[in-house]
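Subject: Structure handover

Hello,

Here is the structure for you to look through. Some notes on what was found follow below it.

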Amino acid sequence: MTERARSRLTQYEATPGVIDLAWGHPDPTLLPVEELREATRRAMDRHGADILEYGSTAGSPPLIDFICERLAETDARAPSPAEVVITSGASQGLDLVATLLLAAGDTVLLDVPTYHLAISILADHPVRLEAVASDADGIVPEELAETIARLRRAGERPRLLYTIPTFHNPTGRKVSLERRNALVALAARENLLIAEDDTYRELSYDGPPPPSLWALDDAGSVVRLGSFAKSVAPGLRLGYVTATVEIATRLATGGLLDSGGGMNHFAATVLAEYAASGDYVRQVERFRGAYRAQRDRLLAGLSAHLPETASWSRPEGGYFAWIELPPGLGADQLLPVAAARGMAFLPGHRFFLDDRAAPGALRLAFSMHPPETLEEAAAHLGAAIDQLREGAG
């Protein structure tokens, strides 16, 4: 396949001469091509034509069983099979929740900054979006409670909170256990549903991840959105929801799954075969080792090349670091200067509902490039900052 044909096949298209840290994609050299090829052969040998039929509406039972087993190891509570629905990634899970569990005119709360494409998904629905401010430890429960009260006094219907408590996108932060318990208690008290994006749970680099909000929830207030995009490969388009049996049943019996059967039945059954062989656990460890080294090299590069008046997060997991530029510098102004020097990033305002927010912040993704390339990108970023400061002076 030619490079041009490959660029049409994949979402990402490289810009020659630019180290692009804007994209939260995996390093393609780490993806398990041979292992999935062999798992496909084994799955077809095992299941025959059944793997090519319409699947069970909630999803491939072997994959659901694996999800329950894996979450028993990586979270504080394991779901039952009846509490799991297979989705086409976490994004489709969020869309399904918005379609089936929200009504027109409901208000969806988002702690900002937040995943910019989740904003796009929710904006496709007839709901209102409302920002909730957060600090370095995530949503401030007291401020969330005040926002809910203010909205209700104004006649609004705050129904859903979308949040990423574990290795947040874009900041990389990890919400404390105290805050997690407070959020879950508040949701139960306020009759608020939480859509917990748990996409990065497997990519924990400095010890086990904390319990999910879903695992801490006794009131049925949390719907967890999981994904295999980060732990295996995004092209599988596979994820899952864990929720109460009632909510899981509602999602599984909606028109979409009733029409087409379980999401990505073929890929889901192949992934179950892949996981049964032990390849899943080995791949997660491979990603963790590689991404830990990439994170460390990027952070070392930032320390070496960025001015002391800049600051950045040290993510314990996930794909991203959040950078605060020196006072007076804007990410939008910096971007073309950085691109001319050979690196790219996403400006911070992309992660807010207000396009004027966070003018001096940016997100760097360290997942797609090897360590030496990340250090080079940090050097280019530092040189671009120095150039912009000199011009401003």
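Which residues have the most contacts inside the largest nonpolar core? They are L63, Y162, L225, F228, V232 and L238, in a core of 60 residues. A nonpolar core here is a set of buried Ala, Val, Leu, Ile, Met, Phe, Trp, Tyr and Cys residues joined through side-chain atoms within 4.5 Å; buried means under 20% relative accessible area, with a 1.4 Å probe and protein chains only.

This is a predicted model, in which local features need pLDDT of at least 70 and side-chain atom pairs count only at pLDDT 80 or more, while totals for chains, interfaces and linings use all residues. Residues are numbered from 1 along each chain as its sequence is written, and side-chain values use heavy atoms, with hydrogens and water left out.

Apart from neighbours within four places in sequence, L63 is in contact (heavy atoms within 4.5 Å) with I86, F228, L238, A268, L271 and A272. A second, separate core has 38 residues, among them L30, A310, Y319 and A384.

I86 belongs to strand β2, residues 84-87 (strands are DSSP E runs of at least two residues, numbered from the N terminus). V84 and I86 point one way from β2, V85 and T87 the other way, and all are buried. β2 runs antiparallel to β9 (residues 239-242), joined by four bridges; V85 has V241 as its bridge partner there.

There is also an open sheet of four strands, ordered β10-β11-β14-β13, with antiparallel pairing (at least two DSSP bridges between two strands). β10 (311-312) and β13 (346-347) are at the edges with a single partner strand each, so one side of each has no neighbour in the sheet. Two bridges link β10 to β11 (residues 320-324), and S311 has E324 as its bridge partner in β11.

Regards

Note on methods
Buried < 20%, exposed > 50% of the residue type's maximum accessible area, 1.4 Å probe, protein only.
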